[in-house]
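Here is a briefing for a first look at this structure. Take a moment with the sequence and the 3D view before reading on.

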Amino acid sequence: TEVDSEYPEVTDINIKVGDSAYGKSATISDVNSDIKVMVSASDNKGVEGGIGVCFVGDTCNKLINVSLKKDSNSYIGTVRLNQYIESDTYSLRSIIVGDTSDNYTEYSSFNNEESVEIGNGIYYKRVPLTENMKSVKITINNAEQDSKAPVVKSYFLKDNKTDYYYGDTV
């Protein structure tokens, strides 16, 4: 059989809010606005499924995750923010793209140098974010702060079983 040893590659990423043009940065004053993320990616056999993109707040460490699907020559995903997202500047944390041969490339702010890992027939190539990727920023202003911790109002056990052992479902 033919072995596909090439990894998919992201060539560009841009964002926009509402009907504005795509670019490297977006400022949001209304958290009910839609953020669109567009990624250009290529592979010798074909990009499989979608692309996962994650942004992280520079000071609050909150995440914005976007799942992208094929749309003509690129991949586009839309996310509507939670009304309690924190005001902050969100930078690109990672992009994960896979191909039809189970080769995955992970661009991440955690990767300092390129590495390849093989596990369960899946091939991972981890690479640092490019300068182009690092320049993508989402700035959120005027977000309402969520200062209340969640409260458990009730809970129940399905049965009265009190003894559990390794392998039991709880």
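Which residues does Ser33 touch, not counting residues up to four places away in sequence? They are Val17, Ile28, Val79, Arg80 and Leu81, where contact means heavy atoms within 4.5 Å. This is a predicted model, in which local features need pLDDT of at least 70 and side-chain atom pairs count only at pLDDT 80 or more, while totals for chains, interfaces and linings use all residues. Residues are numbered from 1 along each chain as its sequence is written, and side-chain values use heavy atoms, with hydrogens and water left out.

- Ser33 sits in the loop between E2 and E3. Helices (H or I, at least four residues) and strands (E, at least two) are DSSP runs, numbered from the N terminus.
- Ser33 is buried, with a relative accessible area of 18%. Buried means under 20% relative accessible area, exposed means over 50%, and partly exposed lies in between (1.4 Å probe, protein chains only).
- Ser33 and Thr139 are 106 residues apart along the chain, and their C-alpha atoms are separated by 12 Å.

**The nonpolar core**

- The largest nonpolar core has 34 residues. Such a core is a set of buried Ala, Val, Leu, Ile, Met, Phe, Trp, Tyr and Cys residues joined through side-chain atoms within 4.5 Å.
- Val37, Val53 and Phe55 have the most contacts inside this largest core.
- Several strands each supply at least two residues of this core, among them E1 (9–17), E3 (34–42), E4 (47–57) and E11 (137–140).
- Leaving aside neighbours within four places in sequence, Phe55 is in contact with residues including Ile15, Val37, Leu63, Tyr90, Val136 and Ile138.

- E2 and E11 run parallel and are joined by 4 bridges. Two strands pair if DSSP finds at least two bridges between them.
- E7 and E11 run antiparallel, also with 4 bridges.
- Ile138 in E11 is the bridge partner of Ala26. Ile138 is also the bridge partner of Tyr90.

- Strand E9 (residues 115–119) and strand E10 (residues 122–128) run antiparallel, joined by 5 bridges.
- Val116 stands opposite Lys125 in E10.
- The hairpin has 2 residues between its strands, and Asn120 takes a positive phi near 55°.
- Val116, Ile118 and Tyr123 form a nonpolar patch on the surface, with about 280 Å² of accessible area together. Patches are made of residues with over 30% relative accessible area and no salt bridge; like charges are joined within 9 Å, and nonpolar side chains (Val, Leu, Ile, Met, Phe, Trp, Tyr) within 5 Å. Accessible areas come from the Shrake-Rupley method with a 1.4 Å probe, and for residues only the protein chains shown count as cover.
- Tyr123 lies in strand E10. Tyr123 counts as partly exposed, at 31% relative accessibility.

**Salt bridges**

- The structure holds 7 salt bridges. A salt bridge is a side-chain nitrogen of Lys or Arg within 4 Å of a carboxyl oxygen of Asp or Glu.
- Side chains of opposite charge can pair when their charged atoms come close.
- One of the bridges joins the side chains of Arg126 and Glu106 (2.9 Å, N to O). Arg126 lies in strand E10 and Glu106 in strand E8 (residues 103–108), so the pair ties together parts that are 20 residues apart in sequence.
- Arg126 also meets Glu117 in a salt bridge (2.9 Å, N to O). Arg126 is partly exposed at 22% relative accessibility, and Glu117 is partly exposed at 42%.
- Glu131 and Lys134 meet in another salt bridge (3.5 Å, N to O). Both lie in helix H1, 3 residues apart, about one turn of the helix.
- Glu131 is exposed, with a relative accessible area of 60%. Lys134 is partly exposed at 42%.
- Elsewhere, salt bridges that share partners join Glu106, Glu117 and Arg126 into one network.

**Helix H1 in position**

- Helix H1 spans residues 131–134 and includes Lys134.
- Lys134 and Leu63 are 71 residues apart in sequence and 16 Å apart in space, C-alpha to C-alpha.
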